[in-house]
Amino acid sequence: MSTLPAYRWRLAPDGLATRRQLRARGLRPGGQDVAAQIERPRRRRGPLVAYLYRVDLALPVRPMTPARRAALAKANAARRICPACRSDAGYVIPASLGTCVPCAYPDPHGSEGSP
């Protein structure tokens, strides 16, 4: 097993990019192996690590087809439906709550509020 070359933060050579940098250029790793990593030192903890890919081996991002767009819209709509009251919350329901805010924190005074 060989180790990856590691570079300090902001000192990676040209021709290598992170996934986000590739995406900003309209590219994707395309199945290639990680070429190197960059490390950002932190105090009292281990360094943050980001993997680098070769830009010359990267492939163009696949175009969004109508079927993929419809599937994505359906998945995002499902994230807005509260499983308790089955209503559209109008926002993506947080995984930490699992339900919409009114279901997670019901009003103890009813709908009228305090007198």
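How many salt bridges does a search of the whole structure find? The search finds 2 salt bridges, a salt bridge being a side-chain nitrogen of Lys or Arg within 4 Å of a carboxyl oxygen of Asp or Glu. The model is predicted, so that local features need pLDDT of at least 70 and side-chain atom pairs count only at pLDDT 80 or more, while totals for chains, interfaces and linings use all residues. Residues are numbered from 1 along each chain as its sequence is written, and side-chain values use heavy atoms, with hydrogens and water left out.

View 1. An open sheet is formed by 4 strands in the order 1-4-5-2, with mixed pairing. Strands, like helices, are DSSP runs numbered from the N terminus (helices: H or I, at least four residues; strands: E, at least two), and two strands pair if DSSP finds at least two bridges between them. Strands of a sheet pair through backbone hydrogen bonds, either parallel or antiparallel. Strand 1 (6-8) and strand 2 (16-17) are the edge strands, each pairing on one side only.

**View 2. Strand 5 and its two antiparallel partners.** Strand 4 (residues 36-40) pairs with strand 5 in the antiparallel sense over 5 bridges; here R40 has L48 of strand 5 as its bridge partner. Strand 2 is also antiparallel to strand 5 (residues 48-54), over 2 bridges.

**View 3. The salt bridge between R54 and D56.** R54 forms a salt bridge with D56, and their closest N and O atoms are 2.7 Å apart. Relative accessible area is classed as buried under 20%, exposed over 50% and partly exposed in between (1.4 Å probe, protein chains only). R54 counts as partly exposed because its relative accessibility is 36%, whereas D56, at 56%, counts as exposed.

**View 4. The salt bridge between R80 and D88.** The side chains of R80 and D88 meet in a salt bridge, with an N to O distance of 3.2 Å. Side chains of opposite charge can pair when their charged atoms come close. R80 is partly exposed at 29% relative accessibility, and D88 is partly exposed at 47%.

View 5. A search of the whole structure finds 0 disulfides, a disulfide being a pair of cysteine sulfur atoms within 2.5 Å. For C85, the nearest cysteine sulfur is that of C82, 3.6 Å away. The closest cysteine sulfur to that of C103 is in C100, and the distance of 3.4 Å is too far for a bond. C85 is partly exposed at 37% relative accessibility, as is C103 with a relative accessible area of 32%.

**View 6. The loop residue G26 and its contacts.** G26 is found in the loop between helix 1 (19-24) and strand 3 (27-28). Apart from neighbours within four places in sequence, G26 is in contact with L59, P60 and V61, where contact means heavy atoms within 4.5 Å. G26 and L59 lie 33 residues apart along the chain, and their C-alpha atoms are separated by 8.6 Å. With a relative accessibility of 33%, G26 counts as partly exposed.
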